[in-house]
Amino acid sequence: MPEVARTYQVRTFGCQMNVHDSERMAGLLEAAGYVAAEPGADAADIVVFNTCAVRENADNRLYGNLGQLAPKKSARPGMQIAVGGCLAQKDRDTIVRRAPWVDVVFGTHNVGSLPVLLERARIQREAQVEIAESLEAFPSTLPTRRESAYAAWVAISVGCNNTCTFCIVPALRGKEKDRRPGDILAEIETLVAEGVSEITLLGQNVNAYGSDIGDRQAFSKLLRACGGIEGLERVRFTSPHPRDFTDDVIEAMAETPNVMPQLHMPLQSGSSRVLRAMRRSYRQERYLSIIEKVRAAIPDAAITTDIIVGFPGETEEDFEETLHVVREARFAQAFTFQYSKRPGTPAAEMPGQIPKEVVQARYERLVALQEEISWAENKKQVGRTVEVLVAEGEGRKDDTTRRLSGRAPDNRLVHFTRPTEPVRPGDLATVEITYAAPHHLLAEGEVRAVRRTRSGDAWERRAAAPAGDAKPAGVMLGLPGVGVPAPLPEPAGGCAVS
């Protein structure tokens with residue numbers, strides 16, 4: 001009787017980089033002979049937590065999840081639990097002390113050690129804790145199990161050289177380390193050959209790319225090089241830092257047809273005084289000048305941002321400055337966060353911590369303003385004809401509404417009428433926008449055209465494959481997930497969201 005393969009789950013918390021790392025973890029486990037547990041399964045033979053340390057209560061969330069698994073592990077002989085990611089890098093032995101039923105703890109720099117650590121823990125019957133202090137191998141040299149057949153993350157760097165006072169990520173991910181351009185482009189070409197039509201270039205501070213290899217214009221050159229890859233229809237990137245956002249990048253975005261008219265540019269605060277306290281190395285005037293240049297070069301660009309409300313010492317005047325920037329910039333969307341202490345960061349020890357009720361009131365005012373602006377900006381899209389990359393799983397109500405969903409070039413979410421002809425995730429549908437809501441658009445008329453694509457073919461092959469064979473091929477050249485890969489986790493306001 002053939003041996004039944006052991007199953008695994010990877011549970012991801014945090015930012016886009018964590019999503020990307022989780023694809024690598026899944027690829028490593030499948031290369032070692034494990035198979036993915038059924039979606040929604042209560043548990044698996046191997047459960048891996050890929051953690052985030054950005055939130056104040058990140059550890060409570062982890063230990064709550066670990067506590068729920070303890071009785072399941074007792075009842076399931078051979079079950080193993082692993083904890084990786086930023087919180088593992090930060091807390092190390094604390095995790096095993098508080099949750100002694102954990103088998104493996106591994107850090108952000110040694111993802112590739114996961115299968116070996118699991119096997120060692122199984123044989124030695126004791127917890128294995130391995131935290132590398134520096135990167136052992138660039139994650140993109142590891143196998144991957146991509147969640148999407150048509151879209152992929154491609155990491156161009158890891159780590160961050162900034163010292164933002166609210167962010168602990170540089171201490172956990174290390175200094176910036178850039179990949180060589182040839183390796184990045186080789187990976188993208190491999191992904192496109194597999195059917196991928198959209199890639200998102202990923203880094204903690206993506207447009208600082210080149211600082212490690214001595215080329216200040218390396219990022220703009222990389223964008224232009226992506227424009228020469230046949231079959232690559234959409235290029236996005238996240239997240240840039242205003243300090244490093246130079247004119248050559250804006251020119252490359254405007255002049256490279258497959259670089260999408262979309263920009264996620266973290267603001268964090270509109271007050272120059274608060275930005276100084278955050279060590280953000282730019283001021284309000286500099287930020288607004290970038291927005292002005294982008295809109296002049298790419299008039300239809302949708303610009304999104306991150307904002308922290310209630311940073312220590314923030315006055316009512318400071319908060320009004322943030323509202324001013326929001327009104328001036330007219331963001332398509334803003335991911336807004338109430339400041340919470342990140343243990344181990346300078347901001348956690350700063351005087352002038354804002355009372356919770358004050359932060360909440362300011363947060364509600366900001367959200368109300370941005371909601372109004374988002375709706376007004378979306379209304380400007382009514383009557384426009386756009387080409388939508390059909391997505392899988394982005395329209396939660398698609399089955400009941402008889403619609404399909406996808407992303408416009410500017411990354412706005414569009415729900416559209418299901419056409420009579422077959423349409424697959426990865427195909428492109430041309431539709432006319434008929435209605436706007438603050439967070440999505442509707443195209444209620446007939447679909448103008450459907451373009452079947454190699455990405456749709458790739459999705460169809462994956463969907464038709466037997467359950468045990470449905471995994472994507474490993475990509476050994478580079479690293480693949482704000483674009484069309486599986487729905488993103490909430491941006492973390494400082495972790496891969498610069």
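Hello everyone, let me start with a pair of helices: H12 and H13 are roughly parallel to each other, a label given to angles under 35 degrees, where over 145 is roughly antiparallel, 65 to 115 roughly perpendicular and the rest oblique. This is a predicted model, in which local features need pLDDT of at least 70, side-chain atom pairs count only at pLDDT 80 or more, and totals for chains, interfaces and linings use all residues. Residues are numbered from 1 along each chain as its sequence is written, and side-chain values use heavy atoms, with hydrogens and water left out.

Back to that pair. Helix H12 covers residues 316-329 and helix H13 residues 356-379, and they pack at about 10° with axes 10 Å apart. Helices here are DSSP runs (H or I, at least four residues), as are strands (E, at least two), numbered from the N terminus. The axes are lines fitted to C-alpha atoms, for helices over the stretch in contact, with angles from 0 to 180 degrees between N-to-C directions.

Which residues of H12 and H13 meet? On the H12 side they are Glu 316, Phe 319, Glu 320, Leu 323, Val 326 and Arg 327, and on the H13 side Arg 362, Arg 365, Leu 366, Leu 369, Gln 370 and Ile 373. Contact means heavy atoms within 4.5 Å. By class, the contact of H12 with H13 has six nonpolar residues, one polar and five charged. For the classes, Ala, Val, Leu, Ile, Met, Phe, Trp, Tyr, Cys and Pro count as nonpolar, Asp, Glu, Lys and Arg as charged, and the others, Gly among them, as polar.

Next, helix H7 (residues 181-193) and helix H8 (residues 218-226). Their axes come within 11 Å and cross at roughly 25°, so H7 and H8 are also described as roughly parallel to each other. Ile 184, Leu 185 and Ile 188 of H7 make the contact with Leu 222, Ala 225 and Cys 226 of H8. Those residues divide into six nonpolar, no polar and no charged.

Then there is helix H9 (residues 247-255) with helix H11 (residues 284-297): the axes come within 10 Å and cross at roughly 25°. That makes H9 roughly parallel to H11. Asp 247, Ile 250 and Ala 254 of H9 touch Ile 290, Lys 293, Val 294 and Ala 297 of H11, and the classes here are five nonpolar, no polar and two charged.

Now for the cores. The largest nonpolar core has 65 residues, and Ile 188, Leu 201, Leu 223 and Phe 245 touch the most other members. Such a core is a set of buried Ala, Val, Leu, Ile, Met, Phe, Trp, Tyr and Cys residues joined through side-chain atoms within 4.5 Å. Buried means under 20% relative accessible area, exposed over 50%, and partly exposed in between, with a 1.4 Å probe and protein chains only. Beyond its neighbours within four places in sequence, Leu 223 has contacts that include Leu 201, Val 235, Phe 237 and Met 253. A second, separate core of 25 residues includes Leu 69, Met 79, Ala 88 and Val 105.

Is Ser 22 buried or exposed? Ser 22, in helix H1 (residues 16-31), is buried, at 7% relative accessible area. Cys 160 sits in the loop between strand E8 (157-158) and helix H6 (169-173), and it counts as buried at 9% relative accessibility. Cys 160 and Lys 177 are 17 residues apart in sequence and 8.1 Å apart in space, C-alpha to C-alpha.
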